[in-house]
Amino acid sequence: MGNYIETKNEIENYIFARIPLIILDTKERERAERLLAEAGREMKIEIACYTDTRQVYHLGSNVTRDVDFDPLPFVADQFRRKRGVTFVLGDVRKISEESMFAREIVNLLYLAIEQACTLIIITPDMVWQRVAAFGLKISLDLPDAGEREAQIQRFKTRFGGRFPIEWAEDEISRASALLRGFTELQIENILSSVMVEHGGLGREQLYELTRLKSRMYAAVPCIQEVRVREDLEVSGLDRLKDWLREKKKLFFVPDEVLRKYDLTPPKGILLAGVPGCGKSYSAKMTAREWELPLFRFDIGSVYDKWVGESERRMREALRFIDNVAPCVVWIDEIEKALSISNAGNDTGKRVLGQFLFWLQESESRVFLVATANDIGKLPPELFRKGRFSEMFFVDLPKENERRQAICQYGMRSLRCHFGTEFLEELVQMTEGFSFADIEYVIKEAAQKVLLYGTDGVGEEQIRELFQRVIPFERTNPEAVEALRRWGAKRAVSASIEENEGGEGHE
């Protein structure tokens, strides 16, 4: 049962009990009025409402009455004339502190107690404590998954005759997840904007929903949106890819279904391992495969010399991330940022504490991809279960992964397929190479093709370019060995061993 139904039932109980004051905490006045109109019909009572634009009217009716923008004398008169009256203030003056208007509300509530009447105030703002003491406060949450799906379905029915709306049940469910955290009005505006811009709604428009969503909140300097190429490919890492495919299904399961099994959506992954082996590309791959926007969070830029400023910046950043969810958040080389927090200074400890608390407790649909090259600098608190869904170790590419990478970069940069014998020769030559090493060599060859044409670059020249490279494993053998020892004990291999799964799959 969604919050809308729960709130309506609760309000009906309060009205039946003749609680003198009900504070309905919501920014969605129109939705709140619809809820109260339904409650009135179910209870078979009339509920009148005041707003500045329509003045006084009965919910569910178009008949209005002008009260010169001061409803309180009118409400007082109604309370005196008849017992058991229910009246709604849809617009209120400043009520967060003592004022003439707030004191008049207090007098009105004393009258409500005498006449067994109920005053309902719709406001997202704080209410002066003396007023709030007369009653109870109820929060009307933003639309849940079921409400969002129903609204999208109504939108499709209303405009489907004029625009091609190709969303089936799966797309509507995905759109509902992407629009989590929006009001009904915001959902309507976003759907209308995307539909008009593209002349309809197809699966390719799903990403546009969150693109617009990120623009509805104030930008935060330490977070940047990262555009992901549609043709992005990541070689190897097949175990990680399989894990992500499975968790993608769980990530989009509605909250109410997860609660039945006492589950939460996957929170994210920590990718540790050898530099240049696909950790950063994996963040982009996740965003592309999950059809979610990608944001890069530079924690290091949160820190400021002024007292309290670093904590404020971290709060703003985390609030922005929660607002634009669902999304993928990428923290590159997380150890560099958190080593500042772990250095012993009080500001660093507080910022680290904020981040770790959010990582553990946030209920937003945010999937975090954090990468690390030097795991020795990471604070031990980061490895506590529940902060990451899984930790993966990314090693230098194995034989089949190198074969995939050489073919992929060769096709993308040189627009060619290497012959079988030459390809196998390159695979053997590149043992100990990272993906970045392989990419560098093939792009060097592509530069020569661009400058001198294909006649100047053949198999011999490509072979020589590979021979010139000193791979990372040879330049940093101790670091690679230390990373492998850590990965063997602490993390899951991101790759499938060649004797486990053959050639893997994309």
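## Helix packing and local features

Ser495 touches Leu237, Asp238, Arg239, Lys398 and Glu401, leaving out residues up to four places away in sequence. In this predicted model, Ser495 sits in the loop that runs between β14 (492-493) and α22 (498-501). With a relative accessible area of 3%, Ser495 is buried.

One of the partners of Ser495, Glu401, also takes part in a helix pairing, as a member of the contact between α16 and α18. Helix α16 covers residues 399-414 and helix α18 covers residues 435-452; the two pack at an angle of about 25°, and their axes are 9 Å apart. Angles under 35 degrees count as roughly parallel, and α16 and α18 are therefore roughly parallel to each other. Their crossing is right-handed. From α16, the contact is made by Glu401, Arg402, Ala405, Ile406, Tyr409, Gly410, Ser413 and Leu414. From α18, the residues taking part are Phe435, Ile438, Glu439, Ile442, Lys443, Ala445, Ala446 and Val449.

Arg415 has a positive phi of about 55°, although it is not a glycine. Its relative accessible area is 60%, so Arg415 is exposed.

Helix α17 (residues 420-429) has Phe422, Leu423, Leu426 and Val427 as its buried residues. These four cover an arc of only 145° around the axis, and therefore lie on the same side of α17. On the other side of α17, Thr420 and Glu421 are exposed. What do the buried residues of α17 pack against? Their partners are α16 and α19.

The contact is made by Phe422, Glu425, Leu426 and Met429 on the α17 side, and by Glu459, Ile462, Arg463, Phe466 and Gln467 on the α19 side. These residues divide into 5 nonpolar, 1 polar and 3 charged. Within this contact, Phe422 and Leu426 are also among the buried residues of α17.

Is Arg463 buried or exposed? Its relative accessible area is 15%, which is under 20%, so Arg463 is buried. Leaving aside neighbours within four places in sequence, Arg463 is in contact with Phe422, Glu425 and Met429, residues that α17 contributes to its contact with α19.

Another helix pairing involves α1 and α2. Helix α1 (residues 3-16) and helix α2 (residues 29-43) pack at an angle of about 55°, with 10 Å between their axes. That angle makes α1 oblique to α2. The crossing of α1 and α2 is right-handed. Tyr4, Thr7, Lys8, Ile11, Glu12, Ile15 and Phe16 of α1 make the contact with Arg31, Arg34, Leu35, Leu36, Glu38, Ala39, Glu42 and Met43 of α2. The residues of this contact divide into 8 nonpolar, 1 polar and 6 charged.

The loop between α1 and β1 (21-25) contains Arg18. Phi of Arg18 is near 55°, a positive value in a residue other than glycine. With a relative accessible area of 23%, Arg18 is partly exposed.

Gly181 lies in the loop between α7 (169-178) and α8 (184-198). At a relative accessible area of 34%, Gly181 is partly exposed. The C-alpha atoms of Gly181 and Ala145 are separated by 10.0 Å, and the two residues are 36 residues apart along the chain. Pro326 has its place in the loop between α13 (309-324) and β11 (327-331). The peptide bond joining Ala325 and Pro326 is cis, with omega of about 5°.

Methods:
Residues are numbered from 1 along each chain as its sequence is written. This is a predicted model: local features need pLDDT of at least 70, side-chain atom pairs count only at pLDDT 80 or more; totals for chains, interfaces and linings use all residues. Side-chain values use heavy atoms; hydrogens and water are left out. Axes are lines fitted to C-alpha atoms, for helices over the stretch in contact, and angles run from 0 to 180 degrees between N-to-C directions. Angles under 35 degrees count as roughly parallel, over 145 as roughly antiparallel, 65 to 115 as roughly perpendicular and the rest as oblique. A crossing is left-handed if the near helix is turned anticlockwise from the far one by less than a right angle, and right-handed if clockwise. Contact means heavy atoms within 4.5 Å. Buried means under 20% relative accessible area, exposed over 50%, partly exposed in between (1.4 Å probe, protein chains only). The arc is that of the directions from the helix axis to the C-beta atoms. Ala, Val, Leu, Ile, Met, Phe, Trp, Tyr, Cys and Pro count as nonpolar, Asp, Glu, Lys and Arg as charged, and the others, Gly among them, as polar.
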